[in-house]
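I opened the model today to look up a few things. My notes follow.

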Amino acid sequence: MPFSLPSRRALLGVVGASVVAGLTACTPAEGAESTTTALPPSAAVGSPEAPAATAATVTPTPTPTLAATKRIRRSFIPDYQLPPIVGGLAPVITKIPTKHPIVFLTIDDGNIKTPESVKLMAEYDYPASLFLTRNTIADNPAFFNAFKAQGSLVENHTVTHNINMVRQWGYQQQLDDIVGMQEYAVQQYGRKPTLFRPPGGAYSNAMRQAVAAAGLKAVVTWEAKANAGKMDYQVGNSLRPGDIVLMHFRAEFAADLAAFRAAQLAAGLEVVLLEDFLGVA
Ligand SMILES: [Zn+2]
């Protein structure tokens, strides 16, 4: 294999440069040989069987009908633990520090309810945390059952969506507005929400206290937004593992979801349900 040496050197240039630099007694050829003998043989020996076995366990069996082609979602063993409630204050999370290639989608409010949004979420097979507001969904709460059926969960975004609640209201009034949505969610969807998103994003210790008192586990803000058909990042210009993304049930749902999808695929991330990863589903 006379042509293999350049490629081995090229490989060393990327992978083993620092290692070889330390091996001053070795010639480059020896260094290359000792490095590459471990790589191609193992790849050559392992390739006929190992990838086939992996493919068999990971790839869902192709099926002819559209209804049966729902792919199997990958699951990830959590490498992050939600902080506990300390001193009566619910923890606040903006992103999840994780090494897994995952991203979390959250969709808020519930104003615009279109069949198209149901269809798109099903087509992309995205599970999402739905932070819904009682007064916004009360005209048609059943609309959100379609997302639920597909693995999304309804969470708490208050009764009235007062974006100034932190400044205008004391503890008790905040608590009432949060508890009202807890009760409504149980009544409509049969599950008590575990996560809370503040209307407008502003929170305070009084709010964190009310969130904990209402039986919720965390205040969830966000790291990136899909908004007006494009992505807005608080940090950098792409999605990163563990990002929590905010979207809304708005007229531009399709454009926002398309922006999110493009960013998610470009970053090579899998959409995972936040509640599953936090163990609060
Ligand atoms: Zn909102």
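Are α5 and α11 roughly parallel or roughly antiparallel to each other? I began with their axes. Helix α5 (residues 115–124) and helix α11 (residues 253–267) have axes that come within 10 Å and cross at roughly 20°. The two helices are therefore roughly parallel to each other. I used these classes: under 35 degrees is roughly parallel, over 145 roughly antiparallel, 65 to 115 roughly perpendicular, and the rest oblique. Axes are lines fitted to C-alpha atoms, for helices over the stretch in contact, and angles run from 0 to 180 degrees between N-to-C directions. Helices are DSSP runs of H or I with at least four residues, strands are E runs of at least two, and both are numbered from the N terminus.

Before going on, I noted the ground rules. This is a predicted model, so to speak of local features I need pLDDT of at least 70, side-chain atom pairs count only at pLDDT 80 or more, and totals for chains, interfaces and linings use all residues. Residues are numbered from 1 along each chain as its sequence is written.

Back to α5 and α11: their crossing is right-handed. Glu-116, Ser-117, Leu-120 and Tyr-124 of α5 make the contact with Phe-253, Ala-254, Leu-257 and Arg-261 of α11. Contact here means C-beta atoms, placed from the backbone, within 7 Å. By class, I find five nonpolar, one polar and two charged residues in it. Ala, Val, Leu, Ile, Met, Phe, Trp, Tyr, Cys and Pro count as nonpolar, Asp, Glu, Lys and Arg as charged, and the others, Gly among them, as polar.

Next I looked at α9 (residues 171–189) and α10 (residues 205–213), whose axes come within 9 Å and cross at roughly 45°. That makes α9 oblique to α10. The contact of α9 with α10 has eight nonpolar, two polar and no charged residues.

Then I picked Ile-107, which sits in strand β2 (residues 102–109). Ile-107 is buried because 28 other C-beta atoms lie within 10 Å; buried takes 20 or more, exposed 12 or fewer, partly exposed in between. Beyond its neighbours within four places in sequence, Ile-107 is in contact with Ala-128, Leu-130, Met-247, His-248 and Phe-249.

Last, I checked confidence. pLDDT (the predictor's confidence in each residue, from 0 to 100) has a chain mean of 82. Over residues 1–68 pLDDT stays under 50.

Methods
Contact = placed C-beta atoms within 7 Å. Left-handed = near helix turned anticlockwise from the far one by under 90°.
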